[in-house]
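Me: I'd like to learn how to read side-chain features in a model. Can we go through a few?

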Amino acid sequence: MTGVILLHAFPYSPQMWAPQIALLQERYPVWAPNILGQPSLEQAAKTVLDKMEGWEQAVVGLSMGGYTAFRMWELAPERVAGLVLADTRAGADSDENKAARAQQAERIRQEGIGWLPEALLKSHLGATTHKERPSVGAEASRMILEADPERIIHSLSALANRADSRLLLPTIQVPTLVLVGEEDTLTPPSEARYLASAIPDSRLLIVPDAGHMSSLENPKAFNTALLGFLAEVL
């Protein structure tokens with residue numbers, strides 16, 4: 001059976017894929033697992049692969065979901081029919097980013113997560129969303145605040161210790177769509193261009209008026225690109 005796996009961003013839940021699930025479930029088997037809190041991205045990938053045994057999958061990953069998609073390809077390339085890498089990067093965390101994640105984890109231990117939406121959404125959402133779509137910010141904030149603090153801490157560690165996937169890119173031998181929000185400052189269009197240049201059978205599309213959470217910020221453009229790609233690979 002072929003289907004679509006949707007891998008969410010940190011520190012959100014599968015609910016971030018609501019605009020995509022509503023559209024895709026009429027056409028394909030769809031599963032959006034919760035990968036927050038896995039001890040490593042390799043373990044997240046193994047968990048997804050184990051639960052979807054027998055599926056040949058189009059794997060769609062945004063940010064942390066993209067990092068997990070790389071690990072799925074590394075572990076079981078024969079199970080991957082196509083990849084959508086959205087607002088993500090192949091490189092590992094810098095020492096500076098690792099230190100920042102450790103500081104965030106310690107603050108969560110001390111204070112909880114009430115401060116986290118304000119800290120993250122400044123960079124997770126694009127300028128257009130901040131200005132014109134307050135409801136998107138409210139929804140993103142709600143998802144963050146509903147997350148389990150311990151799972152957030154575990155994911156911070158997993159992100160900080162993730163493998164560098166740059167050498168993996170030339171080995172990706174399935175059709176790949178690279179998507180990036182035009183206003184993404186965390187994994188900017190330059191990162192997406194690098195991915196598209198390094199993956200042999202890939203194409204790049206920039207999602208207008210969107211930042212790092214492009215699937216939520218401009219679901220119409222994101223979904224149009226996604227449907228077109230899936231029609232080719234499934």
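Me: Is Arg166 buried, partly exposed or exposed?

Reply: Start with the ground rules. This is a predicted model, where local features need pLDDT of at least 70, side-chain atom pairs count only at pLDDT 80 or more, and totals for chains, interfaces and linings use all residues. Residues are numbered from 1 along each chain as its sequence is written, and side-chain values use heavy atoms, with hydrogens and water left out. Now the scale: buried means under 20% relative accessible area, exposed over 50%, and partly exposed in between (1.4 Å probe, protein chains only). Arg166 counts as partly exposed, because its relative accessibility is 44%.

Me: Which residue forms a salt bridge with Arg166?

Reply: A salt bridge needs a side-chain nitrogen of Lys or Arg within 4 Å of a carboxyl oxygen of Asp or Glu. Arg166 pairs with Asp164, and their closest N and O atoms are 2.5 Å apart. Asp164 is partly exposed too, at 35%.

Me: How many salt bridges does the structure hold?

Reply: Eleven. One of them joins the side chains of Asp93 and Arg162, at 2.9 Å from N to O. Asp93 sits in the loop between strand 4 (80–86) and helix 4 (95–111), and Arg162 in the loop between helix 8 (149–160) and strand 5 (176–181), so the pair ties together parts 69 residues apart in sequence. Helices (H or I, at least four residues) and strands (E, at least two) are DSSP runs, numbered from the N terminus. Asp93 is buried at 9%, and Arg162 is buried at 6%.

Me: Where do Arg142 and Glu146 lie?

Reply: Both are in helix 7 (residues 134–146), four residues apart, about one turn of the helix. Arg142 is partly exposed, at 27%.

Me: Which residues are linked with Arg71 in a network of salt bridges?

Reply: Glu42 and Glu74.

Me: Is His212 buried or exposed?

Reply: Buried, with a relative accessible area of 3%. His212 lies in the loop between strand 6 (202–207) and helix 10 (214–217).

Me: What polar contacts does the His212 side chain make?

Reply: A polar contact is a pair of N or O atoms within 3.5 Å; within protein, one must be able to donate a hydrogen and the other to accept it, and residues adjacent in sequence count only if both atoms are side-chain atoms. The His212 side chain makes one with the side chain of Asp184 at 3.0 Å. Another, at 3.2 Å, reaches the side chain of Thr187.
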